[in-house]
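Trainee: I would like a close look at one part of this model. Please take me through it step by step.

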Amino acid sequence: MQARAAIVRLRLGYTTLRAHLHRLRLSPDPFCPWCRTTPETIEHFLLQSLRFHNHHTAVRSRLFAIAITTLDLPTLLGASGIHPSRQTAFLSLTCAFLRKTGQLPRL
Ligand SMILES: [Zn+2]
């Protein structure tokens, strides 16, 4: 249940990532604490941050293994471009990523 709530919050943009907190005036800046000059958006967190490069690589490998070559935010959040029969698999990958990065409780 916690994972499903995390996915919904990611889809809505309600996170504790700095870009969102900065919009709410709860963070002095919007930047990723690891990359420093890039805003810590959901897309950056899930797809680009150097902090989670190994996790990003693992997700890509798992997607390629099931012949999925699209790796973007709508795909990872199960929001579009995915046949309904595969949405659960994508959301499971995203939730696994959140758990491995320690971010699931934080969202
Ligand atoms: Zn970063």
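Is Arg25 buried or exposed, and how many other C-beta atoms lie within 10 Å?

Mentor: Keep in mind that this is a predicted model. Arg25 has 7 other C-beta atoms within 10 Å. A residue counts as exposed at 12 or fewer, so Arg25 is exposed.

Now place Arg25 in the chain. Arg25 sits in the loop that runs between helix H2 (18-23) and helix H3 (42-48). Its backbone deserves a look too. Most residues other than glycine have a negative phi. Arg25 is not a glycine, yet its phi is positive, about 65°.

Arg36 belongs in this picture. Arg36 also lies in the loop between H2 and H3. Its phi is positive as well, about 70°, and Arg36 is not a glycine either. Arg36 has 10 C-beta neighbours inside 10 Å, so it counts as exposed.

For another arginine, go to helix H6 (residues 84-100), where Arg99 is found. Arg99 has 14 C-beta neighbours inside 10 Å and therefore counts as partly exposed. Arg99 and Ala3 are 96 residues apart along the chain, but 8.7 Å separates their C-alpha atoms.

Step back to the whole chain. The protein chain has six helices and zero strands. Of its 107 residues, 21% count as buried. The C-alpha trace spans about 40 × 25 × 20 Å along its principal axes.

Notes
Residues are numbered from 1 along each chain as its sequence is written. This is a predicted model: local features need pLDDT of at least 70, side-chain atom pairs count only at pLDDT 80 or more; totals for chains, interfaces and linings use all residues. Helices (H or I, at least four residues) and strands (E, at least two) are DSSP runs, numbered from the N terminus. A residue is buried if 20 or more other C-beta atoms lie within 10 Å of its own, exposed if 12 or fewer, and partly exposed in between; C-beta atoms are placed from the backbone.
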